[in-house]
Amino acid sequence: MWYWLFKYVLLGPILNLAGRPRVEGVENLPENGPAILASNHLAVVDSFYLPMASPRRIYFLAKSEYFTGTGLKGRFQRWFFTAVGQIPIDRSGADAAENALISARRKLEDGQLMGMYPEGTRSPDGRLFKGKTGLARIAMETGVPVIPVAMINTDKLNPPGTTFPRPTRITVRIGKPLDFSRYEGMNGNRFIERAVTDEIMYELMRLSGQKYVDLYAASLKKAAEGTAEPVVEPGSTRAEPAA
């Protein structure tokens, strides 16, 4: 109940006023049944504007830190993220990635829509970064379609480090479903998982118009903090702009 109340009464009208969202390709969303919505990730508000664009409820994986705060603020944050469909994931430890995949698979088996960000984190500079293969793995294991979604101008409305929106016209562009059934039975093949991931990232690049960078966004962020050097993965497939 809270999900729909936030969407249509408590939060949605404010977001509509601030972003005046234009939704393109809503007909590409299935009326029923499971699917993965694979989106680029420019700002925190992506996880709010994408659900507003869909007539169906969308679930997201969210870092567990959103659910472990203390005091009044911590309790409110935990309640809010639970109410709007966020699923807590512990990103620390060796089993973190597998736990995230299990949670996503369960929602898809229930026939739900799962929103995922293949880049794994927000873009630090507005470019599109290399996708991680977890999303491809889930798609291949479950056989569900992957629907690419481009969020446009959300980083202008909600720049990194800001709390209040800066009114900007945003666009949510929903692409045609991608079918990877041709790879049935190839689960666990890291080269196939990389090929599927790169195909998804190519569609996101085409829909969003972003420049593609063949390295992980997390690596760039760590390099900026002086904790690691960004490394381009050898042998990866580089996406090229459509002609």
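A residue is called buried when its relative accessible area is under 20%, exposed when it is over 50%, and partly exposed in between, with a 1.4 Å probe and protein chains only as cover. Keep that scale in mind as we walk through this predicted model, in which local features need pLDDT of at least 70, side-chain atom pairs count only at pLDDT 80 or more, and totals for chains, interfaces and linings use all residues. Residues are numbered from 1 along each chain as its sequence is written, and side-chain values use heavy atoms, leaving out hydrogens and water.

Let's begin with the whole protein. Of its 243 residues, 47% count as buried. The protein has 9 helices and 9 strands, where helices (H or I, at least four residues) and strands (E, at least two) are DSSP runs numbered from the N terminus. Its accessible surface comes to about 12500 Å², and 54% of that belongs to carbon and sulfur atoms; such areas come from the Shrake-Rupley method with a 1.4 Å probe, and for residues only the protein chains shown count as cover.

Next, turn to strand S5 (residues 113-116), where you will find Met-116. Met-116 counts as buried because its relative accessible area is 11%. Leaving aside neighbours within four places in sequence, Met-116 is in contact (heavy atoms within 4.5 Å) with Ile-36, Leu-37, Ala-38, Ser-39, Leu-61, Leu-135 and Ile-138. Met-116 and Asn-40 are 76 residues apart in sequence, yet 8.8 Å apart in space, C-alpha to C-alpha. Across the protein, among contacts between residues at least 6 apart in sequence, 76% join residues at least 24 apart.

Two packed helices are described by the angle between their axes and the distance between the axes. The axes of helix H6 (residues 134-142) and helix H8 (residues 190-208) come within 8 Å and cross at roughly 105 degrees, so H6 is roughly perpendicular to H8 (65 to 115 degrees). On the H6 side the contact is made by Leu-135, Ala-136, Arg-137 and Met-140, and on the H8 side by Ile-192, Glu-193, Val-196, Thr-197 and Ile-200.

Methods. Axes fitted to C-alpha atoms, helices over the stretch in contact; angles between N-to-C directions. Parallel < 35°, antiparallel > 145°, perpendicular 65-115°, else oblique.
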